[in-house]
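Hi,

Here is the structure I promised to hand over. Have a look at it first, and then read my notes below.

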Amino acid sequence: GRRSVYIEVRRNFLSPFMVAFDTPPPASTTGRRNVSNVPAQALIMMNDPFVFEQCHRWAKRALAEADRSPEARIKLLYLTAFNRSPSVEELNVATAFLTEQAKNYGNEIDIDDVRLWTDLCHVLVNVKEFVFIQ
């Protein structure tokens, strides 16, 4: 759950997550990293267990704020992800997404169900604005 500048790299067991994002080969020095945008990167962000776990943790943090309404939590997620508040349209779409996900999980799902919020966090992680700094 921490950010890291340095991570352990084993030459024979490269992380698929890091390989998808052009990690330099550990067998030699690299003066400049490649810059690419390939489908494997999007697939990793959608399917990797690490990404799911981080979205779950992020959702739990948002839900820990018990005094917040769903709209306030959505605003918090946007502020955390994009350093801005959501537009009215984005807020409406996110609220509709939570409602639709609740229907998909069953009629008696509570709006505070962590699954709903994990799914919303996973959507936000996969927005281009999250991946690319402008």
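Predicted model: local features only at pLDDT ≥ 70, side-chain atom pairs only at ≥ 80, totals over all residues.

Residues are numbered from 1 along each chain as its sequence is written, and side-chain values use heavy atoms, with hydrogens and water left out.

Overall make-up

The protein has 7 helices and 0 strands, so the order from the N terminus on is α-α-α-α-α-α-α (helices are DSSP runs of H or I with at least four residues, strands are runs of E with at least two, and both are numbered from the N terminus). Of the 134 residues, 25% are buried; buried means under 20% relative accessible area, exposed means over 50%, and partly exposed is in between, with a 1.4 Å probe and protein chains only. Among contacts with a separation of 6 or more, 48% are between residues 24 or more positions apart, a contact being heavy atoms within 4.5 Å.

The core

The largest nonpolar core has 22 residues. By that I mean a set of buried Ala, Val, Leu, Ile, Met, Phe, Trp, Tyr and Cys residues joined through side-chain atoms within 4.5 Å. Trp58, Ile74, Leu77, Trp117 and Leu120 have the most contacts inside this core. Two or more residues each come from α3 (49-64), α4 (70-82), α5 (88-105) and α6 (114-125).

Leaving out residues up to four places away in sequence, Trp117 touches Ala59, Leu63, Pro70, Arg73, Ile74, Leu77, Leu98, Ile111 and Asp112.

Salt bridges

Two of those neighbours, Arg73 and Asp112, also pair with one another in a salt bridge, with the closest N and O atoms 2.5 Å apart. This pair links distant parts of the chain, with Arg73 in helix α4 and Asp112 in the loop between α5 and α6, 39 residues apart. Arg73 is buried at a relative accessible area of 2%, whereas Asp112 is partly exposed at 37%. The count for the protein comes to 5 salt bridges, each being a side-chain nitrogen of Lys or Arg within 4 Å of a carboxyl oxygen of Asp or Glu.

Arg84, Glu90 and Glu129 form a network of salt bridges. Glu90 meets Arg84 with the closest N and O atoms 2.9 Å apart, and Glu129 meets Arg84 at 2.8 Å, N to O. The Glu129 pair again joins distant parts of the chain: Glu129 is in helix α7 (residues 128-131) and Arg84 is in the loop between α4 and α5, 45 residues apart. Relative accessibility is 24% for Arg84, which counts as partly exposed. Glu90 is partly exposed too, at 23%, and so is Glu129, at 31%.

Cysteines and a histidine

How many disulfides are there? The count comes to 0, where a disulfide would be a pair of cysteine sulfur atoms within 2.5 Å. For Cys55, the nearest cysteine sulfur is that of Cys121, 6.0 Å away. Cys55 is buried, with a relative accessible area of 1%, and Cys121 is buried as well, at 0%.

His122 touches Met45, Met46, Val51, Phe52 and Cys55, not counting residues up to four places away in sequence. At 14% relative accessibility, His122 counts as buried.

A patch on the surface

Lastly, Val9, Leu14 and Val19 make up a nonpolar patch on the surface, with about 240 Å² of accessible area together. Patches take residues with over 30% relative accessible area and no salt bridge; like charges are joined within 9 Å, and nonpolar side chains (Val, Leu, Ile, Met, Phe, Trp, Tyr) within 5 Å. Val9 lies in the segment before α1 (16-20) and is partly exposed, with a relative accessible area of 48%.

Cheers

Note on methods. Areas by Shrake-Rupley, 256 points an atom, 1.4 Å probe, with all protein chains shown as cover.
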